[in-house]
Protein chains: 2
Amino acid sequence: MNGARSLVETLVASGVDVCFANPGTSEMHFVATLDEVRSMRAILALFEGVATGAADGYGRVAGVPAATLLHLGPGLGNGIANLHNAKRAKTPVVNVVGDHATFHKRYDAPLESDIESLARSVSGWYRSSARPDDVAGDALDAVDAAFGPPGCVATLVLPADVSWSQCRDLPVRPRARRTAASVPQDAVDTAASTLRSKSGTAILLGGTALTERSLLAAGKISAATGAKLLCETFPSKIARGAGLPDVERLGYLAEFTQAQLEGLNHLIIVDTNAPVSFFAYPGHESYLVPPGCEVHTLARSSENAPLALESLVESLAATTVSPVVSSPKRPDPPTGALTIESLAAAVGALLPEDAIVVDEANTAGIFIPGVTSGSPRHDWLTLTGGAIGQGIPVATGAGVAARGRRVVSLEADGSAMYTIQGLWTQAREGSDVTTIVFANHSYAILHMELSRVGAAGGEKAKEILDLTGPELDFVSIATGLGVPATKATTADDFYVQLARSFHEPGPSLIEAVLA
Amino acid sequence: MNGARSLVETLVASGVDVCFANPGTSEMHFVATLDEVRSMRAILALFEGVATGAADGYGRVAGVPAATLLHLGPGLGNGIANLHNAKRAKTPVVNVVGDHATFHKRYDAPLESDIESLARSVSGWYRSSARPDDVAGDALDAVDAAFGPPGCVATLVLPADVSWSQCRDLPVRPRARRTAASVPQDAVDTAASTLRSKSGTAILLGGTALTERSLLAAGKISAATGAKLLCETFPSKIARGAGLPDVERLGYLAEFTQAQLEGLNHLIIVDTNAPVSFFAYPGHESYLVPPGCEVHTLARSSENAPLALESLVESLAATTVSPVVSSPKRPDPPTGALTIESLAAAVGALLPEDAIVVDEANTAGIFIPGVTSGSPRHDWLTLTGGAIGQGIPVATGAGVAARGRRVVSLEADGSAMYTIQGLWTQAREGSDVTTIVFANHSYAILHMELSRVGAAGGEKAKEILDLTGPELDFVSIATGLGVPATKATTADDFYVQLARSFHEPGPSLIEAVLA
């Protein structure tokens, strides 16, 4: 076999059997291998940012890495923004990048570039396979690194000649997965004693502390001790809905977070970091923990957060305590003008059981979490790294990972345009993804930020933040990409269209024209 | 004034008065400055790859850099591929990237990333402004570096606090431009003696050796000595048409280039490199100059190539020699099936005087150069760095730089989908850009490469290179982006639609459905 086949067989044997691909000439042997190793499912993306974002979405939902297949440095460049988001989400991704043949690199051909520098900026692990015989071992190391814990982007570069040259044909022995380390007992003890004796204590949950199991444990702790439960601002995935504790997410705006943390004396952190401001603002603090508030770490990202929370439940003798959980409730179907409130009500009224919500609605989505806390159980995925253009690709990957579940992709119009090409892959794969585009024809968040940073925006500044002249027609665009689409201008229309989308298999898009 | 204003004023005073922008919060003071320094024209792109590609197109046509405005590392990441192309084109670009406030970086906020590593991979010059008082000088250095010669991508990072803090208000003194160095006399003498006495000599022209002035000089040299004129495979810009020598471009495929160079004993190189294979192939040479052929460099990219060619004309006493130039000629309007040949004939029959052709047609465009050599004078811009997704953005920037000239954007369907968002900017700016999408519903070049690299492609491999299921509808997509579009399925239709597009102001798109 050749290096390419060795790679694909090793990946498949390790459980990595989905590959989001946008290949070029240097990746053709990998592509040819798809007919030899039929259990690798390759999914074409029209743009690399779709492939990397889809791998992020897939990894978040499946808990297993997808592979990517990218073409040299420029292809990797196009994928960087969503790899950045995946890095921040700690999503396991095996990021495969083709390179020129080793003997070709010194000629500085047009596509030659510094792949390693690009890759290292987003990767927790990086290697370029030097010889065909190394590929299997390199691939096993890449998968190990990707899984973590914590998960990371593991970039494996495969030079064209390493890909096409013959290697030894040895049986692939996939490795046992590393498990997360248990937290030290004194971390549990400190947290327990703080919770028992101290007032003004909150628990800030992130990462794997937002699974159903973690949340139920945290809910018991909160019920037993009165500690407030908080959630990091941009979680990779949080389990939500009726029957689960409704943890309060820290606000995107620093002043909101500061208000949420005000008066706290102790903050117990579980698989996340102490809150900092998303951006800096003139005259404002970047570090948002109030002065005098002590920060205690219960579990780091390499440690087993669910187990740590359960150990804490035991330490507090709270095993039989009932957590406060959301009751089943849905808002009434809305009617009248289509506003960000009535749109939210329609989502709350209709969100299907076991849905996956991918949230890149930015300013226009602020009412949706509130009206879905009593919805049927669902998962919520957010924009972890702040690099917009994440939503459609992540929804695309989530749709591949979660057959039988409805993916609801909440998309601000500005953000949707970075990686709109992902809709085509949704159509090609027949994924059950409903995309809602919030059409306010503006980078609304930047209008807000313009004043928040103390900049006086005049007419030209406002013009550069407006998406008018011409207005984008998302129905046309989606239709052209093969996704059936409709436009809603009233809450009634929107409700009907959303209900229909949730009942029809395959992808669809609703352009919600906001009043 | 603050740092942002100091930057914008310095750029404008230096002649850099167009900025292709996709800003975020950290760039809001730059945005606010647009109302204070009204002579900076900011042009919004929906995606950073459009902004950087447009800056490339603008710089190639205007000969003066445009600025970009990108948001942190992920925004720069999205712009990397087209900055790679700009780097390979030696286009002057002032690449402005906003960063977090200096005091905020240590908190590792979600958008924190390694901007410098990303930027250096595509930049000939890099600096992050440390203090507001440094900004004016840094901007002058960036403009100097961008101009070169040779031109390059000069990346200037502007941290948010450097942008918003006050600086000294000193008058801006733009610097005189550096001129290209004259080539050493012995380089001219060597070339002259080679040309005088040696058979089997060719002159390979690239970069600035492809301007009208350079080509007319090269034509005289060729006429006087019998030397063959060749052009690098992917020139940044070449002057073409009736009245100019029709230089033979080296083929993309290594075996074509080898055939073109076969039998040569001497290759005189002017502002380019000795030819190498675009990709490596199993068992094939990467370096394409035939064994025994001597390579002589007349001018390097930092040197004055037009002057070097004129000096060589004088050395050869060829000043009064008439170069062999293309006669005015146009193919007949085509009729019947729409094929890559009949499509080419329509372009040849209609190409307007002084047009700018942006060529990312890949396999589908191969007949167009041949039928346009006798067209009215025009410029031809190519995919210099091999990173597809260059065409629509470069056409967008060319349209801004060249008011009154028609831009003809030749786009393969696969390539078009990387940066399709650029159409919206063309609509917003009302640019005279005609986009022709060659719809063969396939990454046709990869089907070819699959066999060329010796990989046996089966059904699954072919599927991953096909753009069907669903078919892209470019008329819908373009319409949704605000660009009027039509579909042509016969040569007659296409001819009529193309003629209409060339006569109507503003952008339009024709989806050419190839038989």
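Student: Is the crossing of α9(B) and α11(B) left-handed or right-handed?

Tutor: The crossing of α9(B) and α11(B) is left-handed, meaning the near helix is turned anticlockwise from the far one by less than a right angle. Helices here are DSSP runs of H or I with at least four residues, and strands are E runs of at least two, numbered from the N terminus. This is a predicted model, where local features need pLDDT of at least 70, side-chain atom pairs count only at pLDDT 80 or more, and totals for chains, interfaces and linings use all residues. Residues are numbered from 1 along each chain as written, with chains lettered from A and ligands numbered from 1 in written order.

Student: What's the angle between α9 and α11 of chain B, and how far apart are their axes?

Tutor: Helix α9 (residues 212-225) and helix α11 (residues 305-315) of chain B pack at about 25°, axes 9 Å apart. The axes are lines fitted to C-alpha atoms over the stretch in contact, with angles from 0 to 180 degrees between N-to-C directions. So α9(B) is roughly parallel to α11(B), a label for angles under 35 degrees.

Student: Which residues make that contact?

Tutor: Among them are A217(B) and I221(B) of α9(B), and A305(B) and L309(B) of α11(B). Contact means C-beta atoms, placed from the backbone, within 7 Å.

Student: Switching topic: what does V270(B) touch?

Tutor: Leaving out residues up to four places away in sequence, its partners include A305(B), L309(B) and L298(B).

Student: And how many helices and strands does chain A have?

Tutor: Chain A has 20 helices and 18 strands. Its C-alpha trace spans about 65 × 60 × 45 Å along the principal axes.

Notes: Contact = placed C-beta atoms within 7 Å. Parallel < 35°, antiparallel > 145°, perpendicular 65-115°, else oblique.
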